[in-house]
Amino acid sequence: MLFFALVLAYVFLRLQKKKKNAGQADVYIVKGHERISYHELEQATEGFSESNLLGNGSFSKVYKGILKDGTLLAAKVFNVKLEGSFKSFDMECEMLRSLRHRNLTKVITSCSNLDFKALVLEYMPNGTLEKWLYSHNFFLHLLQRLDIMIDVASGIVYLHNGCSHPVVHCDLKPSNVLLDQEMVGHVCDFGIAKMLGAGETFVQTRTIATIGYIAPEYGQDGIVSTSCDVYSFGILMMETFTRIKPSDERFTGDLSIRCWVSDSFPNKIHKVVDANLVQLGDEQTDAKMQCLLSIMDLALSCTVVTPDARIGLEDALSTLKKIRLQFVSSRH
């Protein structure tokens with residue numbers, strides 16, 4: 001009887017251990033050929049400390065982490081208690097598994113079990129475009145802002161045309177543009193991105209992106225197409241060069257950032273662009289104003305109400321490169 005009880009106890013303990021290990025099976029992630037455990041990820045972020053918090057998303061928080069070997073990373077930790085977080089995590093994993101471009105955030109790997117889901121991302125030391133636009137301690141000159149817009153457009157053109165199926169980002173905004181050591185822009189956060197099927201030009205969704213950046217057909221009817229990203233990119237350009245958010249309190253009723261820019265174009269454009277970009281007595285004032293006029297003209301072409309009438313993003317990217325070339329040439 002005693003022997004039988006000991007056998008039962010042994011089997012029970014083995015099953016418990018197996019169950020425990022099964023729960024931890026997906027906690028390991030791969031960096032190169034090394035294996036990194038959840039425990040190490042927790043240590044790297046100092047217990048996911050608020051002091052290491054880099055930013056908040058709809059379903060997640062992003063923390064800075066430092067591994068024992070000195071490697072910097074960004075851990076995007078999903079709030080598994082929120083409805084939609086699992087779908088957002090799965091979508092981002094699915095999207096980023098096959099996406100490779102210098103202007104998209106690089107995902108090292110994912111870390112997942114029943115109670116924990118995180119993406120381990122390449123760390124971007126210069127933070128978000130939003131930080132650089134609105135923090136008093138930071139400043140981007142005209143050429144830097146233009147280069148970042150070219151970076152963003154390059155990344156989105158790849159999503160639309162360089163993948164096996166077109167991918168619509170759906171949530172372009174300054175907080176979703178990260179800047180690396182060289183101030184190169186990287187598009188991040190694919191949590192609500194949509195992949196178009198073979199032959200599809202649009203899909204319908206109930207997922208709503210950030211108010212102010214959404215194309216009219218997306219906000220009203222849930223219709224998502226690559227033209228939606230073109231519209232959001234146009235708003236992003238307006239915000240980047242005016243330093244005014246589309247959610248600014250001045251925009252009420254029928255007045256939007258697009259209407260505000262359009263009403264000022266072309267003769268009063270100096271009243272809407274970021275005053276810090278063109279200083280009194282600046283020898284390059286004329287060249288800068290011409291550059292800004294061209295940028296705002298393009299932004300207006302991106303944000304036409306009718307989707308089919310909007311400029312394509314490949315053409316927008318080509319135009320931005322020409323604007324840059326003309327501006328740089330005028331400085332010499």
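**Pockets and a buried serine**

Me: Is Ser227 buried or exposed?
Reply: This is a predicted model, where local features need pLDDT of at least 70, side-chain atom pairs count only at pLDDT 80 or more, and totals for chains, interfaces and linings use all residues. Residues are numbered from 1 along each chain as its sequence is written, and side-chain values use heavy atoms, leaving out hydrogens and water. Buried means under 20% relative accessible area, exposed over 50%, partly exposed in between (1.4 Å probe, protein chains only). Ser227 has a relative accessible area of 16%, so Ser227 is buried.

Me: Which helix is Ser227 found in?
Reply: Helices here are DSSP runs (H or I, at least four residues; strands are E, at least two), numbered from the N terminus. The run covering residues 226–242 holds Ser227, and that's helix α7.

Me: Which residues does Ser227 touch, not counting those up to four places away in sequence?
Reply: Contact means heavy atoms within 4.5 Å. With those sequence neighbours set aside, Ser227 touches Glu217, Pro307 and Arg310.

Me: Which element gives the most to the lining of the largest pocket?
Reply: A pocket is an open set of points on a 1 Å grid over the protein atoms alone, where a 1.4 Å probe fits, with protein on both sides within 12 Å along at least five of seven lines; lining residues have an atom within 4 Å of a point. Elements that each supply at least two lining residues include β3 (53–56) and β4 (60–66). The top giver, with 5 residues, is α3.
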